[in-house]
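Here is a short briefing to read alongside the sequence and the coordinates. Have a look at the structure below, then work through the points by topic.

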Amino acid sequence: MEGFSETLLKNHFTLYQGYVTNTNKVMDTLSEMAKGGKIGTPEYAELKRRLGWEFNGMRLHELYFENLGGKGALNKAGKLGQEN
């Protein structure tokens, strides 16, 4: 991909893979804890906080990947194309 090094892209794919893996693990663990009646525990609260971190990392990488590339020209009438 022009303008992006192979190392940069591999790093982002690796980070994304880690966020997806961790999001799935945390969601599975939270589900098991909920089934076991451990919703009010500090461990459950910490995992809920961690889920936000992992999910946000995953989602931000998805948005990053969606915006890579493209062959069309910048829309000069759009917000990015307007001079301020």
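The protein exposes about 6800 Å², and carbon and sulfur atoms supply 56% of that area; accessible areas come from the Shrake-Rupley method with a 1.4 Å probe, and for residues only the protein chains shown count as cover. Do keep in mind that this is a predicted model, in which local features need pLDDT of at least 70 and side-chain atom pairs count only at pLDDT 80 or more, while totals for chains, interfaces and linings use all residues. Residues are numbered from 1 along each chain as its sequence is written, and side-chain values use heavy atoms, with hydrogens and water left out.

**Overall form**

- The secondary structure comes to two helices and zero strands; helices (H or I, at least four residues) and strands (E, at least two) are DSSP runs, numbered from the N terminus.
- The radius of gyration is 19 Å, well over the 12 Å that the globule rule gives for 84 residues, so the protein is more spread out than a compact globule.
- That radius is taken over C-alpha atoms, and the globule rule is 2.2 Å times the number of residues to the power 0.38.
- Along the principal axes, the C-alpha atoms fill a box of roughly 55 × 30 × 15 Å.

**Burial, contacts and charge**

- Of the 84 residues, 19% count as buried, where buried means under 20% relative accessible area, exposed over 50%, and partly exposed in between (1.4 Å probe, protein chains only).
- Among contacts (heavy atoms within 4.5 Å) between residues at least 6 apart in sequence, 61% join residues at least 24 apart.
- There are 11 positive and 10 negative side chains, and the centres of the two sets lie 2 Å apart.
- For that tally, Lys and Arg count as positive and Asp and Glu as negative, with His and the chain ends not counted; each charge is placed at NZ of Lys, CZ of Arg, CG of Asp or CD of Glu.

**The nonpolar core**

- The largest nonpolar core has five residues in all: V26, L30, M33, Y44 and L51.
- α1 (6-35) and α2 (42-66) each supply at least two residues of this core, and α1 gives the most, with three residues.
- A nonpolar core here is a set of buried Ala, Val, Leu, Ile, Met, Phe, Trp, Tyr and Cys residues joined through side-chain atoms within 4.5 Å.
- Leaving aside neighbours within four places in sequence, Y44 is in contact with L30, M33, A34, K38 and I39.

**Residues within the helices and their loop**

- G36 sits in the loop between α1 and α2 and is exposed, with a relative accessible area of 51%.
- G36 and Y16 are 20 residues apart in sequence, and their C-alpha atoms are 30 Å apart in space.
- H61 belongs to helix α2 and counts as buried at 10% relative accessibility.
- Not counting residues up to four places away in sequence, H61 touches H12, L15, Y16 and Y19.

**Residues in the end segments**

- F4 lies in the segment before α1 and counts as partly exposed at 30% relative accessibility.
- Beyond its neighbours within four places in sequence, F4 is in contact with L9, Y64 and L68.
- F4 and A73 are 69 residues apart along the chain, with 18 Å separating their C-alpha atoms.
- Q82 is placed in the segment after α2, and at 45% relative accessibility Q82 counts as partly exposed.
- With neighbours within four places in sequence left aside, Q82 is in contact with K76 and A77.
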